[in-house]
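Here is a short report on one protein model. Keep the structure open while reading.

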Amino acid sequence: MKVIKVKGRKNIFALIVCILIPELVGVLSAFLTKDTYREYANLIKPDFSPPGWVFPIVWTILYFLMGIASYRIFMLGTQNPKVKKALFFYGLQLFFNFFWPILFFGLGLRGFAFVELIVLWVLILITFKKFYKLDAWAGYLLIPYIIWVAFAGILNFFVWKLNQ
């Protein structure tokens, strides 16, 4: 597969670790909020809200793509300051990604979650820009994530406003 070769090299162990990191962030965040998803089912949602079963499927795919993107950047060499900075922003957006479900589902702070999601989206855009400059494929792999988080932000806003 071309996508796992970076500058003619591949490292399957690094690829697995890079994929596991965002997947585990998602699993841990979901685990911490698992008892609150029933409450979400009872909220008023806009007509464009997808069924609940869509979310874990989409997030699993997005975390997988994020992992591959981060692997491609990692493989460029962490001694490179631009790689370090790109991975820093990747980690920072992943940190915000982890806390959004806790704010929205776990604590029911939907307005605050919306603001946090805007910050997350900006961090994803910064990460995209830094990844893209280093490796176009790594940037392209983040595009579905950018689109989904924008959609999630719109959905978050409407759920927040409809349930005030």
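## A charge over a ring

Over the ring of which residue does the charged end of Lys161 sit? That ring belongs to Trp160, and the charged end of Lys161 is 4.3 Å from its centre. Bear in mind that this is a predicted model.

Arg110 lies over the face of Phe104. The distance to the ring centre is 5.1 Å.

## The nonpolar core

The largest nonpolar core counts 48 residues. Tyr71, Phe131 and Tyr145 have the most contacts inside this core. Five helices each supply at least two of its residues: helix 1 (12-32), helix 3 (54-74), helix 4 (81-106), helix 5 (110-134) and helix 6 (136-162). Helix 3 gives the largest share, eleven residues. As a general background, nonpolar side chains tend to be buried together in soluble globular proteins.

What does Tyr145 touch beyond its neighbours within four places in sequence? Its contacts there are Trp59, Leu62, Met66, Gln93, Asn97, Leu120 and Ile124.

## The salt bridge

How many salt bridges does the structure hold? There is one. It joins the side chains of Asp135 and Arg72, with 2.8 Å from N to O. Asp135 sits in the loop between helix 5 and helix 6, while Arg72 is in helix 3, so the pair ties together parts that are 63 residues apart in sequence.

Are the two partners buried or exposed? Asp135 is buried, and Arg72 is buried too.

## Aromatic pairs

The whole structure contains 24 aromatic pairs. One of them is Tyr40 with Phe55, an edge-to-face pair. Its ring centres are 6.5 Å apart, with 90° between the planes. Tyr40 belongs to helix 2 and Phe55 to helix 3, so this pair ties together parts that are 15 residues apart in sequence. Tyr40 counts as buried because its relative accessibility is 10%, and the cut-off for buried is under 20%.

Why is the pair of Trp148 and Phe151 tilted? The ring centres are 5.3 Å apart and the planes stand at 45°, so the pair is tilted. Trp148 and Phe151 are three residues apart in helix 6, so about one helical turn separates them. Trp148 is buried at 14% relative accessible area. Phe151 counts as partly exposed at 22% relative accessibility.

## The aromatic cluster

Which residues form one aromatic cluster? The members are Tyr40, Phe48, Phe55, Trp100, Phe104, Phe105, Phe114, Trp148, Phe151, Phe157, Phe158 and Trp160. Tyr40 and Phe55, the edge-to-face pair, are among them.

## Two exposed residues

Lys7 lies in the segment before helix 1. Its phi is near 55°, a positive value in a residue other than glycine. Is Lys7 buried or exposed? Lys7 counts as exposed, because its relative accessibility is 71%.

Arg38 lies in helix 2, which spans residues 37-41. Arg38 is exposed, with a relative accessible area of 61%. From Arg38 to Trp53 there are 15 residues in sequence and 12 Å in space, C-alpha to C-alpha.

Definitions and conventions. Residues are numbered from 1 along each chain as its sequence is written. This is a predicted model: local features need pLDDT of at least 70, side-chain atom pairs count only at pLDDT 80 or more; totals for chains, interfaces and linings use all residues. Side-chain values use heavy atoms; hydrogens and water are left out. A nonpolar core is a set of buried Ala, Val, Leu, Ile, Met, Phe, Trp, Tyr and Cys residues joined through side-chain atoms within 4.5 Å. Buried means under 20% relative accessible area, exposed over 50%, partly exposed in between (1.4 Å probe, protein chains only). Helices (H or I, at least four residues) and strands (E, at least two) are DSSP runs, numbered from the N terminus. Contact means heavy atoms within 4.5 Å. A salt bridge is a side-chain nitrogen of Lys or Arg within 4 Å of a carboxyl oxygen of Asp or Glu. Rings of Phe, Tyr and Trp (its six-membered ring) pair if their centres lie within 6.5 Å; planes under 30 degrees apart count as stacked, over 60 as edge-to-face and the rest as tilted. A charge sits over a ring if NZ of Lys or CZ of Arg is within 6 Å of the ring centre and within 35 degrees of the ring normal.
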